[in-house]
Amino acid sequence: MNHAEIAALRHDIGNALAIAQANLEGIIDGVLDPTPERLANIRESLAAAGARLNDLR
Amino acid sequence: MAAITRLKRILIVDDEPKIGEALRAYLQREGFEVTVAGTLERALEEYKRVDPDIMLLDITLTDGSGLDVLRAARSQGRRTPAIMLTARADEVDRIVGLELGADDYVTKPFSPREVVARVRAVMRRSENAEDIARTGNTIAIGDLEVDIDAHEVRIAGRDAGVTAKEFRVLRIFAEHPGQTFTRAALLDALHDDGTIFERTLDRHINNLRKKIEIDPQTPHYLQTVLGVGYKMRPRDG
């Protein structure tokens, strides 16, 4: 894997985890409502991060 | 500026709406007026429209970079504080070393609470910088301070108790240290409305000397230039 590919991977995983963390913390801190849509988004983001991580193999 | 409490405005630029919206919720709770933009194009429009007090800028956007927003602000001579967001650790060195002067950066993934703490810290720093600029409106020559905003003259930190007219006269000298003024030139510089005359000028100078000089007979600050007029001693003279 070259430098550009690693940078892209870092970018995608970082963004996906950022969505999950920001929204989950928002729910815990009471600034965001735990709507079914928001919870689904968190799950999707974690799944996307996991999928990109598997690209490292 | 005597700011009547208005909400601080923040511009958030991130091409992931779900990140932008989570940050919006946190920063609104902090009392910010929040604008979120998802593209560089929108960000540049909103920057002009909102005139933010601080910006959170994602570096990687679909149509450009958050750095372009910073560049646009700086090219207009604006020092709007900015915190960069990036998912790429390899970009961090580049941001920090930038002549564009981002104030801080946060790497993704981040805790929104951490972002709020950074925003507060950067706001505090930039407000302190404004305070220093304001106290900078004081002319200091040795132990003599001419405080333009407070209309006050201090000598070794103590109020010299000058009158309004004496202040106006001394201010001209303090703004041009080392420059000799004839009486006529001084009256000109005062843009006087007729309340200070050539013959009363000498009296104002004598009174000023009594208030600011240790020995008014051999003045250290307001010096006589024989046969010409007066001058304030040069800053480092």
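**View 1. The secondary structure of chain B in a predicted model.** In this predicted model, chain B is built from eight helices together with 14 strands. Of the 237 residues in chain B, 30% are buried. When contacts in chain B between residues at least 6 apart in sequence are considered, 53% of these contacts join residues that are at least 24 apart.

**View 2. An open sheet of four strands in chain B.** The strands of this sheet in chain B follow the order β8-β9-β10-β11, and their pairing is antiparallel. At the edges of the sheet lie β8, which covers residues 138-141, and β11, which covers residues 158-159 of chain B, and each of these strands pairs on one side only. Strands of a sheet pair through backbone hydrogen bonds, and the pairing may be either parallel or antiparallel.

**View 3. The pairing of β8 with β9 in chain B.** Strand β9 of chain B, made of residues 144-147, runs antiparallel to β8(B), and four bridges join the two strands. One residue to look for here is B:Ile139, whose bridge partner in β9(B) is B:Val146.

**View 4. The contact between chain B and chain A.** Chain B brings 19 residues to this contact, while chain A brings 16 residues. On the side of chain B that touches chain A, at least two residues each come from α1 (17-29), α4 (89-96) and α5 (112-135) of chain B. Among the contributors, α1(B) gives the most to this side of chain B, supplying seven residues. Sorted by class, the side of chain B that touches chain A holds 10 nonpolar residues, two polar residues and seven charged residues.

Technical notes:
Residues numbered from 1 in each chain as written. Chains lettered and ligands numbered in written order. Predicted model: local features only at pLDDT ≥ 70, side-chain atom pairs only at ≥ 80, totals over all residues. Pairing = 2+ DSSP bridges. Contact = placed C-beta atoms within 7 Å. Nonpolar A, V, L, I, M, F, W, Y, C, P; charged D, E, K, R; others polar. Buried ≥ 20, exposed ≤ 12 C-beta atoms within 10 Å, placed from the backbone.
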